[in-house]
Amino acid sequence: MRWPREVPELGWSRGGDRRVSVLAYGVGLGFRAVGERHCVGARGNVCPLGAVVPGRSTGGRCAECARLDRTHSVAADTMADDPRTYRVYLAWFGPGMVKVGITGEERGAARLREQGAVAFSWLGRGPLMAARRTEEVLRAALGVPDRIPYAKKRAVRGQLPGPEERAGAVAELYARAAALEGRGWPESLERLPLEVVDQVGVFGLDRAPDADPDPGRSVREGGTAPGRSVRESALAPVRAVQELVGGGVVAGRLVAAAGPDLHLAVADGSVVVLDTRLITGWDLTSVTRAAEATEATGSDVHVPLIDIGGGGVQGGLF
């Protein structure tokens, strides 16, 4: 799953053949997992072991490929001489959930969409090590974490406050961060003005699952109506796919997407979240309807589901 623009895309590969599917809200999506899940390799290279990886792993890589993939990442701090310009951002994911991070300037807001940031603002720009130093200073001074688990993001995504409160939370964090300028803030990092970007509309979180399909509406409108909370317009997801299994089926209608997550309206009227990191490494075949999927696989095959926000594990086709 990728967010190079303000619409989600799924990348597919078979051998050397690669293609991209641009996803649209309101459109049906369904597939069946086949066989076993194998390591996707590292840095564009095939896993030399062809290792089988656990169904619940969100990395989709064996231990060795995961180590190699991380070695050349910005997060591993192995690229101190990187000449590119980086940006420091302040991201808000829900009440009480904020973080500071960095991303390459040429990537724009793609990193924020990949993380499922509901609202954000840029804070500064400069060389990699200046951005990294600022990130560390702000984390320590403001008491914000370096990462927020996706399970926590999902738990609040269907009950977000209105746009004014979302913008206010980002502005408050920005003010606290800007007050630290000159106190451990590297001189080579240029501070950028506050400009809150709200991504509720981009993610489709302002759409009711039974709304008329219009793939471009969320991007065009860019958010909820003034003063209107997400709770008033979107059905909160209640379950998430825990893992895929060989022969297991996922089928529904795409109503929203955030970060790696697809929100699918299913036959019983509820919304189920699929973390697309769980599908990497699987061979997939298409199905067009949940009923067709159930008939094809039989009642003894299931995709394990878990309640969002805690609770017991549920099983069954959807």
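Student: Over which ring does the charged end of Lys153 sit, and how is such a feature read?

Tutor: A charge sits over a ring if NZ of Lys or CZ of Arg is within 6 Å of the ring centre and within 35 degrees of the ring normal. Here the charged end of Lys153 is over the ring of Tyr150, 4.0 Å from its centre. Arg87 lies over the face of Trp122, at 5.2 Å from the ring centre.

Student: What do these values rest on?

Tutor: This is a predicted model, where local features need pLDDT of at least 70, side-chain atom pairs count only at pLDDT 80 or more, and totals for chains, interfaces and linings use all residues. Residues are numbered from 1 along each chain as its sequence is written, and side-chain values use heavy atoms, with hydrogens and water left out.

Student: How many aromatic pairs does the count give?

Tutor: Rings of Phe, Tyr and Trp (its six-membered ring) pair if their centres lie within 6.5 Å; planes under 30 degrees apart are stacked, over 60 edge-to-face, and the rest tilted. The count is 2 aromatic pairs. Trp3 and Phe203 form an edge-to-face pair, 5.4 Å centre to centre with 70 degrees between the planes. The pair links distant parts of the chain, 200 residues apart: Trp3 is in the segment before β1 (9-14) and Phe203 in helix α6 (residues 200-203). Helices (H or I, at least four residues) and strands (E, at least two) are DSSP runs, numbered from the N terminus.

Student: Is Trp3 buried or exposed?

Tutor: Buried means under 20% relative accessible area, exposed over 50%, partly exposed in between (1.4 Å probe, protein chains only). Trp3 is buried, at 1%, and Phe203 is buried, also at 1%. The rings of Phe120 and Trp122 have centres 5.4 Å apart and planes at 75 degrees, so this pair is edge-to-face. Phe120 is buried at 2%, and Trp122 counts as buried at 15%.

Student: What stands opposite Arg87 in β5?

Tutor: Two strands pair if DSSP finds at least two bridges between them. Strand β4 (residues 85-94) is joined to β5 by 8 bridges, and the two run antiparallel. Arg87 stands opposite Thr103 in β5. The two strands form a hairpin with 2 residues between them, and Gly96 in the turn has a positive phi of about 80 degrees.

Student: How many residues of β5 are buried?

Tutor: In strand β5 (residues 97-104), 8 of its 8 residues are buried. Both faces are covered, with Met97, Lys99, Gly101 and Thr103 on one side and Val98, Val100, Ile102 and Gly104 on the other.
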